[in-house]
Amino acid sequence: MLIPSLDKIFTKKLTIHQLGDPALRETAQPIANVRDREIQQLIDEMLVTLKESKGVGLAAPQVGRSLQLIIIASHPNERYPNAPQMEPTAMINPKIISYSLETEKGWEGCLSVPMIRGLVPRYREIEVEYLDRQGDRQVTKLTDFVARIFQHEYDHLEGKVFLDRVETNLDLITEAEYHKLNK
């Protein structure tokens, strides 16, 4: 019989901070030691939190940690039925290296801004650099919905939420109205 590691036994869902909490408006700090036990535990807890919240992305500031850490985990779900499937990916100290000139507006929601959706312009394609959870440098191109998730989560590291990117209040709707649009 396999015995789970102690880290897995104690992995818990974290509280997601809501709009108005000052933690969401801070600029996140770089992570110096990716392999630090506390950072690895935070990654595990964020993965659990994201899965249980049925989200597609989560940034450390959303769980009250002002660190440059995001998780991207695109998958079809009730909130994003047409999302592509991908493995959850921890991205540490991420940066956007380049981006396309082409932008596209798309509907976004946020676990920290419940019940509201906004039509947000984002770059369609970006090239990003980050450290994976082993500390290895990764460079990859992201497109369309996954690029949108990255940009949304990256904004959290700069103390921004998607509402800051909406061009007009007319581009805001409730979650219920959003679901009517997608039927």
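**Why these words fit this model**

Reader: What makes Thr49 count as buried?

Author: Its relative accessible area is 0%. The word buried is kept for values under 20%, while exposed means over 50% and partly exposed lies in between (1.4 Å probe, protein chains only). With 0%, Thr49 is therefore buried. Before we go on: this is a predicted model, where local features need pLDDT of at least 70, side-chain atom pairs count only at pLDDT 80 or more, and totals for chains, interfaces and linings use all residues. Residues are numbered from 1 along each chain as its sequence is written, and side-chain values use heavy atoms, with hydrogens and water left out.

Reader: What does Thr49 touch, if we skip residues up to four places away in sequence?

Author: Lys12, Lys13, Leu14, Ile16 and Leu58. Contact here means heavy atoms within 4.5 Å. The side chain of Thr49 also gets to the backbone nitrogen of Leu14, at 2.7 Å.

Reader: Which helix holds Thr49?

Author: Thr49 sits in helix H2. Helices (H or I, at least four residues) and strands (E, at least two) are DSSP runs, numbered from the N terminus.

Reader: How do you know that the length of H2 fits its residue count?

Author: The expected span of a helix is 1.5 Å times one less than its number of residues. For the 17 residues of H2 (residues 37–53) that gives 24 Å, and the end C-alpha atoms are 24 Å apart, so the two agree.

Reader: What caps the N-terminal end of H2, and what comes just after the helix?

Author: The cap is Asp36, with a side-chain oxygen 2.9 Å from the backbone nitrogen of Glu38. Just after H2 comes Lys54, with a positive phi of about 60°.

Reader: Why is Gln40 called buried?

Author: Gln40 has 18% relative accessibility, so it counts as buried. Neighbours within four places aside, Gln40 is in contact with Val34, Arg35 and Arg133.

Reader: And what about Gln68: buried or exposed?

Author: Buried, because its relative accessibility is 19%. You'll find Gln68 in the loop between strand E1 (57–59) and strand E2 (69–72). The side chain of Gln68 reaches the backbone oxygen of Ala28 at 3.2 Å.

Reader: How do you know that helix H3 is largely enclosed?

Author: Of its 14 residues, 13 are buried, so the rest of the structure largely encloses H3. Its length fits too: 14 residues at 1.5 Å a residue should span 20 Å, and the end C-alpha atoms are 20 Å apart, which agrees. After H3 comes Gly159, with a positive phi near 80°.

Reader: What makes a space a cavity and not a pocket?

Author: On a 1 Å grid over the protein atoms alone, a cavity is a set of points where a 1.4 Å probe fits but cannot get out; a pocket is an open set with protein on both sides within 12 Å along at least five of seven lines; lining residues have an atom within 4 Å of a point. Searching the whole structure turns up one cavity of 30 Å³ or more.

Reader: Which residues are closest to the centre of the largest cavity?

Author: Val56, Tyr80, Gly109, His152 and Glu153, out of 14 lining residues. H3 gives the most to that lining, with five residues. The volume is about 140 Å³, where volume means the space filled by probe spheres set on the grid points, joined across faces, edges and corners.

Reader: How much space lies in the largest pocket?

Author: About 320 Å³. It has 17 lining residues, and Tyr80, Gly106, Trp107, Phe145 and Arg148 are the closest to its centre. E4 supplies the largest share of the lining, four residues.

Terms used:
Polar contact = N/O pair within 3.5 Å; in protein donor to acceptor, adjacent residues only side chain to side chain.
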